[in-house]
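Here are my notes for you on this protein. Please keep the model open beside them as you read.

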Amino acid sequence: MFKVFDERQLAHAPALEMHNGGWTAHNETPSRAELLRERLGPLAPARDFGRGPLARVHTAEYLDFLEQAHARWLAAGREGDAVGYTWPVVRRRPLALDRIDAQLGRFSYDAGTPITAQTWEAAYWAAQTALTALQPLLDGSERAAFALCRPPGHHAGADYLGGYCYLNNAAIAARAARDGGIARVAVLDVDYHHGNGTQDIFWEDGSVFFASIHGDPRTEYPFYWGHADERGEGPGQGATLNLPLPRGTTAAPYLAALDQALAAIDAFDPGLLVVSFGADTWEQDPISHFKLATEDYPVLARRIAALGRPTLIVMEGGYAVGALGDNVAGFLAGF
Ligand code: SP5
Ligand code: ZN
């Protein structure tokens with residue numbers, strides 16, 4: 001399997017995240033990628049496809065903000081990581097306010113996703129990592145590829161960051177595949193958390209099918225997306241499928257949901273499958289509440305591989321650093 005990793009992703013290391021009313025050590029650490037690099041090597045470095053493919057998913061205003069936010073934070077006399085504290089209610093007027101705190105609110109939806117001096121560089125190379133891994137699937141020289149992306153991407157929308165995500169690596173690759181001539185692309189999101197950013201990006205796009213299996217947002221982050229009645233709109237009506245599952249879900253009901261998602265994807269007949277893969281469905285993940293065992297990951301992967309579609313696997317979450325190597329290696333071994 002062709003696997004890609006770029007060192008420049010490691011420099012992003014936010015210190016703290018807001019959780020349940022207090023600041024705690026950030027869960028999305030460089031060590032996640034460092035240990036996977038050691039375990040999964042050899043890994044090809046990313047090629048540079050430039051800003052063009054990023055701008056096919058994210059707005060120019062958002063990309064400019066993300067690139068400049070930390071410098072503007074320092075210019076305002078602040079220290080450490082940039083993080084917002086006032087948010088407009090989603091979809092209110094996009095006032096073009098200049099103050100950095102207003103911009104942080106406009107372009108984010110949570111306080112768990114700080115911008116450091118190195119965030120733009122790392123997120124940029126995470127997106128390039130996904131684009132690089134996509135290439136051999138487009139030219140037919142590989143049937144499966146793995147993008148070791150960090151920071152993750154599936155919570156980032158066209159004009160917002162959140163959930164430890166800044167640029168939506170999976171969506172950028174899916175859109176690039178569409179632009180490269182693949183008529184229909186499916187995204188299967190098996191991170192513990194709903195991939196709200198990916199869903200929003202393709203909400204009205206009937207050419208990209210989005211299916212997600214995740215902790216029920218009635219109790220789980222990100223709360224405001226991922227409910228079973230969200231199915232897409234306009235030309236995208238019916239091209240979104242949400243399968244929320246309760247806390248404590250074990251392999252048997254998880255695999256039943258997976259089969260349902262795979263049947264819908266098969267009926268859509270995509271020329272490419274993008275898997276947003278989070279290992280935070282593991283039973284001892286520190287921030288999640290499913291009960292999948294390490295031995296379950298090859299089983300999941302074999303069912304996905306049985307679709308027989310060219311498949312790009314993009315790394316999303318997974319925070320039990322000690323078990324991440326076995327869980328990710330086990331998943332990849334199923335392809
Ligand atoms: C990509 C991904 O998996 N993002 C997950 C974002 C979840 N963010 C909020 C979850 C709250 C967990 N905070 C726990 C802190 C314990 N010290
Ligand atoms: Zn997650």
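This is a predicted model: local features need pLDDT of at least 70, side-chain atom pairs count only at pLDDT 80 or more; totals for chains, interfaces and linings use all residues.

1. Residues are numbered from 1 along each chain as its sequence is written, while chains are lettered from A and ligands numbered from 1 in the order in which they are written.

2. Start with the overall size. The C-alpha trace spans about 55 × 45 × 40 Å along its principal axes. For 335 residues, a compact globule would have a radius of gyration near 20 Å, and the 18 Å of this protein agrees with that. Here the radius is taken over C-alpha atoms, and the globule rule is 2.2 Å times the number of residues to the power 0.38.

3. Next, the fold. The protein has 10 helices and 9 strands; these are DSSP runs numbered from the N terminus, helices (H or I) of at least four residues and strands (E) of at least two. Of the 335 residues, 51% count as buried. Buried means that 20 or more other C-beta atoms, placed from the backbone, lie within 10 Å of the residue's own.

4. Now find strand S4. S4 runs parallel to strand S1 (residues 2-4), with 3 bridges, and parallel to strand S9 (residues 311-315), with 4 bridges. Strands count as paired if DSSP finds at least two bridges between them. Two bridge partners to look for are Phe2 with Ala145 of S4, and Ala144 with Thr311 of S9.

5. Which way do the residues of S4 point? Ala144 and Phe146 point one way, Ala145 and Ala147 the other, and all are buried. In a regular strand, side chains alternate between the two faces of the sheet.

6. Tyr166 sits in the loop between strand S4 (144-147) and helix H6 (169-179). Why is Tyr166 buried? Because 31 other C-beta atoms lie within 10 Å. Leaving out residues up to four places away in sequence, Tyr166 touches Leu66, Thr119, Ala123, Pro151, Ala156 and Leu161; contact means C-beta atoms, placed from the backbone, within 7 Å.

7. Finally, look at ligand 1. Among the 16 residues around ligand 1, His19, Thr24, Pro152, Gly163 and Gly317 come nearest. A residue is near a molecule if its C-beta atom, placed from the backbone, lies within 6 Å of it.

Technical notes: A residue is buried if 20 or more other C-beta atoms lie within 10 Å of its own, exposed if 12 or fewer, and partly exposed in between; C-beta atoms are placed from the backbone. Two residues are in contact if their C-beta atoms, placed from the backbone, lie within 7 Å.
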